[in-house]
Amino acid sequence: MQPITNPVPDIAIDVVPVSGRIGGEVQGVRLGADLDEAIVAALKQALNRHKVLFFRDQHHLDDAAHQAFGRRWGQPTIHPTAPAQVGDFLLELDSRHGGKANVWHTDLTFMASYPSASILRAVTIPPAGGDTVWANTVEAYERLPDPLRVLADTLRAVHSNDYDYAANQTEPDEGTDRYQAEFISTVYEAEHPLVRVHPETGERALVLGAFFKQFVGLGTSESRRLYEVFQAHIMRLENTVRWRWREGDVAIWDNRATQHYAIDDYGDAKRVVRRVTIEGDATIGIDGRSGRQIRPEKLPDLRAV
Ligand SMILES: O=C(O)CCC(=O)C(=O)O
Ligand SMILES: [Fe+2]
């Protein structure tokens, strides 16, 4: 398959790598709806390379400006089930209302067409802790030992929003239980190739994370063991970047080439982040076969207007 690459930008932006294999801090860019087309193109090119981009001190971005900038990036979407939406299409994660994403995941992989990117803004950050970690799923694939890569190339997996979230919960938490009940009010399931071809870079990436349910053709216990083998390659520390948030920071990640994990090490402190989620397209495996939605039969229209 011929990868489609973004046009080569005619403007240079300053990107400082944050770690060796993933993550770049963009300096000197003020995010907003009024950004030059050339800068947006340069940012997209940088995202294809670094997988997650960080921007400090974007204090001028309120909810409206955040959403307006999101529209410049792509078609924003709303979450199919999560309760906390703010503004027209912002997803809010509030630590006091179950908004703690301390599991490794790629967003919404229970959808056949899951988001291409997310734009996350730090609204309230605890004095210590609450960092987020991203992992590079392209590097993870490329560094697999040959026999595992050959196996990965043939596998397909079912992902579901009805995953075992309690497996990660250390204490009973009413807020989280309520959030979870709403989260699975409709069960969504999709099948994806384990290895997807990135539509812009042509790179191959592993598709796993917490919404993984089972490999097609394998039982649950074997699926789980095999999941751990591949997932361990994704989570290797060499393959990650950790961001210490300050209020006003923005992170944009390529949801087709990363997983992330929001560290829950700040007790009862308040932590609030808001996210614009950008529409993505169906996964395509290296054999050219797409992923597919298993249920529900009829998907709601999630495009934000
Ligand atoms: O709270 C965070 O830092 C990330 C939360 C998350 O998983 C998301 O916004 O998709
Ligand atoms: Fe997430």
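Is Asp107 buried or exposed? At 2% relative accessibility, Asp107 counts as buried (under 20% relative accessible area, with exposed being over 50% and partly exposed in between; 1.4 Å probe, protein chains only).

The structure is a predicted model, in which local features need pLDDT of at least 70, side-chain atom pairs count only at pLDDT 80 or more, and totals for chains, interfaces and linings use all residues. Residues are numbered from 1 along each chain as its sequence is written, chains are lettered from A and ligands numbered from 1 in the order in which they are written, and side-chain values use heavy atoms, with hydrogens and water left out. The average pLDDT (the predictor's confidence in each residue, from 0 to 100) of the protein is 92, and 89% of the residues score at least 70.

Asp107, in the loop between β6 (90–94) and β7 (117–124), and His260, in strand β16 (residues 258–262), are 153 residues apart and link distant parts of the chain. Strands are DSSP runs (E, at least two residues), numbered from the N terminus. His260 is also buried, with a relative accessible area of 6%.

Strand β16 pairs with β8 (residues 132–136) in the antiparallel sense over five bridges; pairing requires at least two DSSP bridges between two strands. Trp134 stands opposite His260.

Technical notes: Helix = DSSP H or I, 4+ residues; strand = E, 2+ residues; numbered from the N terminus.
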